[in-house]
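Here's a quick briefing for anyone meeting this structure for the first time. Take a look at it, then read on.

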Amino acid sequence: MQFEFLLEQVVNGLVLGGYYLLIALGLSLIFSVGGVINLAHGAFYALGAYISIEIGKYLGFGAAVVLSPVAVALLGILFERFLLRRFYAADPILSLLVTFGLAMIVEQLIRILWGAAPRAVNMPAAFKGSVFVGDFLFSRYRLLLLAVVVVVLVSIWLLLHKASFGRVIRAGIQKPDMVAALGIRLQPYMTAIVMLGVGMAALAGTLFAPITIVHPAMGAEVITVAFVVVVIGGLGSFWGVVISALLVGVVRGITINFIPAAGEASMYILMFLVLLFRPRGLLGERIEKFE
Amino acid sequence: MTSTRHSRYRPLWIGAAALVVLPQAMHAIGLTTTTASTVVILAIAAMGLNLCVGYAGLVSFGHGTWFGIGAYAAALIQRYWFGDEIALPIVLSMVVVTGLSTVAGVLILRRRGVYFSLLTLALAALTYTVAFRWTDVTGGENGLGDLKRGSIGPIDLDNPLAYYILVALIGLGVLYVLLRVLRSPFGHVVVAIRENQLRATFQGYPVERYKLAVFVLSAVVTGLAGALLGFQTYLVSAEAVSVPFSGELLAMVVIGGMRNILGPAFGALFFILFRELFSIWTANWLLWFGLIFVGFVLFSPSGLVGIWAQLRRRWRAVPEQAAAMSKRESHENLALPALLRPHGKQGNILEVNAVSKHFEGIRAVVDASLTIAAGEIHALIGPNGAGKTTLFNLISGLFAPDSGTVRLLGREIQGLTPYQIFNLGLVRSFQITNLFRGLSIYENLRLSLQARHPMRFNAWRDIDSYTDVHAETAELIRYLGLDGFEQIEGGELSHGGQRLVDLGITLGCKPQVLLLDEPLAGLAAAERERVSNLVKNVAANIPVLIVEHDIDRVLGLSHRVTVMNQGEVLMTGTPDEVRADRRVQEIYTGTGTPEVVHSRRIDEREVKSTRVLRFACVNAFYGKSHILNDATLDVREGEIVALVGRNGAGKSTLLKTLIGLVPPASGTIEYEGRNIAGMPTPDIARLGLGYVPQGRQLFAGLTVRRILRSAAWRGRPTAAMA
């Protein structure tokens with residue numbers, strides 16, 4: 001009994017971790033390539049959720065899951081072109097301040113457009129209910145989420161490690177000057193990375209809308225969690241972020257079961273513990289610009 | 001160098017005047033005395049935060065934590081222990097904030113820059129969830145109500161004006177304390193750490209302690225404001241510790257102006273006026289506030305104060321400070337000031353005995369030994385990669401040697417930290433000029449002399465009152481021949497001037513022995529002369545170990561020379577012995593004629609072959625340093641053109657300018673008849689210019705084949721440079 005209970009919590013924690021992962025991975029990618037910390041990342045997550053509600057009204061949930069991230073990725077182009085691009089070479093603190101301001105603006109815009117009241121999103125009927133896997137009972141929708149996260153994760157990994165796109169990106173992170181000297185312009189790659197990053201955040205917003213509450217401040221709430229994940233994993237490390245997201249999810253999931261009120265606090269405590277022993281995070285490397 | 005009493009405390013007078021008129025001004029636009037109190041309270045909080053953000057360069061996204069903790073602590077202390085007393089809860093809450101922020105600071109200050117900001121953000125989120133969830137103590141969503149303002153003697157603080165006066169007096173007190181702190185030696189060191197932490201460390205300051213102290217002070221001031229707001233509203237809620245509130249505080253600092261002590265106070269006033277006036281006609285005032293905040297970050301990072309200063313400059317022309325080199329007075333051959341001389345040390349000062357260091361299989365330094373006696377200049381020469389800089393790093397403690405000993409004045413120092421070694425009197429300069437670019441020359445040098453003064457932690461006495469330090473600084477400036485330049489910022493000086501200041505900073509540390517790493521690199525001829533004269537002069541009293549590539553000059557300068565090659569010491573001797581040694585000659589000029597498989601001399605006919613590359617009158621700068629000065633060269637078809645010159649002569653810069661990594665300031669670069677000056681690097685590369693930089697520029701984690709394939713589909717290089 002004790003074991004089964006624990007296993008169930010671990011699976012729930014993994015779902016939660018996958019949710020964090022979708023947001024934190026994009027954050028970490030934009031950071032690795034452009035050197036900017038995007039405090040407005042949560043705003044794109046919130047936009048993803050709200051836009052999916054709008055699309056869902058007319059075209060149904062399935063279309064919303066696809067179209068909402070695409071729409072947000074297109075917004076990402078504007079964001080990269082007119083704001084982020086100014087800050088690649090600048091003091092990272094400036095981009096922190098600007099994206100912080102942008103997050104504030106987007107949250108207010110959402111309030112104006114969609115109102116301050118929380119929205120509930122209905123789960124498509126096909127995914128309601130639970131299934132038995134072996135002896136355990138799992139919510140169908142959560143299993144679906146877990147599957148989507150795994151697919152996204154594998155695609156991103158393949159894109160970064162097997163495709164020529166990823167080769168240029170990884171080379172550009174290390175020696176941007178050399179990549180330029182090989183005749184490759186990094187600018188379009190950066191735009192693509194920002195689109196990918198904010199698109200993933202929007203996907204998280206869309207997919208998790210039915211099991212969370214959609215409200216204007218949701219972006220601000222999730223962004224600190226995403227940072228905790230990135231800081232624990234180590235800035236700029238792919239596997240660091242993956243491990244850390246799952247770890248945070250599981251720790252939080254288990255804590256909620258024993259001391260419900262301490263659920264959120266548990267991950268911050270985890271973060272401070274990790275930093276005590278590994279100041280650059282689990283798999284983080286030293287990056288001079290950010291010290 | 002001292003300021004008058006009046007100008008010193010000008011912010012205090014401005015603050016006092018503003019506090020007197022604030023309530024009336026508020027009434028005039030239909031706002032209440034209570035709003036005036038809120039302005040003052042937020043101003044206190046923002047000024048506290050600005051200690052971190054503006055002065056220490058620690059951008060905290062989580063000062064709401066301290067605001068909230070101050071408020072909760074005061075509320076709880078009053079509720080459980082003091083009934084309707086207000087003074088003691090406030091004082092005790094400051095004690096609580098001191099304790100908690102010390103613990104948090106020790107942890108968070110392990111990281112700098114962006115990481116620090118993220119950690120403060122997480123801290124704010126943590127405090128918020130604790131405040132929100134720990135219902136038994138904090139009252140959760142409802143917060144803690146029923147606070148009492150109480151009274152002081154016959155004055156009832158429930159009267160809004162009485163409370164305003166209390167808050168205003170506290171605000172004035174805080175302003176006074178902050179002014180004192182910022183004008184003290186402590187405050188100046190904090191600013192220096194913001195400008196260049198490494199330099200401050202190598203002036204002998206324990207920077208971590210300074211940062212912790214300023215973090216705690218900042219937290220306590222912000223916490224005090226939190227307590228005051230709690231008593232004003234009779235209520236403390238989780239709102240005060242929320243992340244958005246932390247952001248609003250930061251916005252006040254940025255909008256007001258973070259390099260000015262009163263800036264954040266104006267930011268707070270702006271915030272409240274904006275909120276009160278805009279919320280009359282739109283519920284979405286935060287949207288507009290966000291837009292204004294972003295606008296300030298983008299277009300006016302120095303905030304309202306910066307805009308004000310610009311306007312004033314337009315009205316009143318400020319006399320330009322002439323920074324011309326003509327102002328530089330030269331006092332060649334002044335003796336080293338007595339204050340910098342070590343006390344009568346004779347014999348061997350530094351003994352390096354058979355030290356070795358391996359890096360992952362590479363033997364960087366093998367059994368190297370050398371001795372430096374009092375009064376001598378000892379040169380360390382050798383080709384690139386001979387291990388000179390590594391030996392330097394072994395001596396100065398940046399790396400610990402695998403074996404061997406290093407003795408300074410008879411005491412073994414290998415294995416100590418660089419900081420400990422520095423404090424024993426072994427001071428080094430760095431290859432790259434390292435000074436406080438944003439601080440005046442005077443400040444740069446004074447910070448150095450003050451590092452060994454017992455008052456360096458004093459956070460109360462005015463810096464101007466230390467006449468002894470000022471006299472020493474003036475003497476050092478005169479010795480360096482920098483008089484007339486005292487007030488110019490470090491970054492404004494020419495490369496040679498910066499190098500002099502850098503040397504001055506090292507001298508100001510009062511070394512027993514001086515290690516100079518390529519002090520002449522990248523300097524023009526006149527500047528080389530000046531710096532080497534200075535080194536000669538210094539060495540009469542302080543022995544110098546110098547690494548330098550300008551062989552002629554360094555052999556003319558030094559008393560003894562150690563030659564290194566491939567990690568080993570080849571020989572040590574007088575400059576004449578070194579000049580005469582055949583092995584040394586071999587290293588520097590090679591052994592006779594190299595075999596040439598395929599050689600083509602340029603003759604009349606070939607000059608007519610097509611010109612591929614033309615470089616005409618190109619100038620390039622790194623900041624203030626003029627690196628390429630009207631550089632001109634041609635490359636024709638079939639030619640191999642070699643570019644030779646000393647370290648720092650501009651060879652690499654020329655190649656980087658060619659490929660577009662360094663934008664040229666002027667001149668023409670033609671490739672196959674097309675001007676490519678100023679084009680972005682990828683475009684130049686696609687035209688067919690290949691660039692092979694020095695060092696190993698491989699992409700870790702990618703195979704060679706993949707790298708080549710990535711580049712291949714972008715056009716094939718036709719001219720290679722190496």
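Is Arg583(B) buried, partly exposed or exposed? Arg583(B) counts as partly exposed, at 39% relative accessibility. Keep in mind that this is a predicted model. Below are some spots to look at, starting with where the two chains meet.

**Where chain A meets chain B**

- Chain A brings 54 residues to the contact, and chain B brings 58 residues.
- About 5,500 Å² is buried between chain A and chain B, and carbon and sulfur atoms give 73% of that.
- On the chain A side, Leu97(A), Arg167(A) and Phe272(A) supply 12% of the area buried against chain B, more than any other three residues.
- Several helices of chain A give two or more residues to the side that touches chain B, among them helix H6 (164-174), helix H9 (218-233) and helix H11 (263-277).
- H4(A) gives the largest share of that side, with 14 residues.
- The chain A side splits into 37 nonpolar, eight polar and nine charged residues.

**Salt bridges**

- Side chains of opposite charge can pair when their charged atoms come close.
- Over all chains, the count comes to 24 salt bridges.
- One of them joins Arg8(B) and Asp462(B), at 3.9 Å from N to O. This pair links distant parts of the chain, 454 residues apart: Arg8(B) sits in helix H1 (residues 5-8) of chain B, and Asp462(B) in the loop between helix H18 (441-450) and helix H19 (467-480).
- Both partners count as buried: Arg8(B) has 16% relative accessibility, and Asp462(B) has 8%.
- Arg8(B) and Asp462(B) also belong to a network of salt bridges with Arg183(B) and Asp464(B).
- Back to Arg583(B): its salt bridge partner is Asp581(B), with the closest N and O atoms 3.3 Å apart. Asp581(B) counts as buried, because its relative accessibility of 14% is under 20%.
- Asp634(B) pairs with Arg636(B), the closest N and O atoms being 3.8 Å apart. Asp634(B) is partly exposed, at 29% relative accessible area.

**A buried serine in chain A**

- Ser28(A) is part of helix H1 (residues 2-34) of chain A.
- With a relative accessible area of 4%, Ser28(A) is buried.
- Leaving out residues up to four places away in sequence, Ser28(A) touches Val230(A), Gly236(A), Ser237(A) and Val241(A).

Conventions
Residues are numbered from 1 along each chain as its sequence is written. Chains are lettered from A and ligands numbered from 1 in the order in which they are written. This is a predicted model: local features need pLDDT of at least 70, side-chain atom pairs count only at pLDDT 80 or more; totals for chains, interfaces and linings use all residues. Side-chain values use heavy atoms; hydrogens and water are left out. Helices (H or I, at least four residues) and strands (E, at least two) are DSSP runs, numbered from the N terminus. Buried means under 20% relative accessible area, exposed over 50%, partly exposed in between (1.4 Å probe, protein chains only). Contact means heavy atoms within 4.5 Å. A salt bridge is a side-chain nitrogen of Lys or Arg within 4 Å of a carboxyl oxygen of Asp or Glu. Buried area is the accessible area (1.4 Å probe) that two parts lose on being put together, summed over both. Ala, Val, Leu, Ile, Met, Phe, Trp, Tyr, Cys and Pro count as nonpolar, Asp, Glu, Lys and Arg as charged, and the others, Gly among them, as polar.
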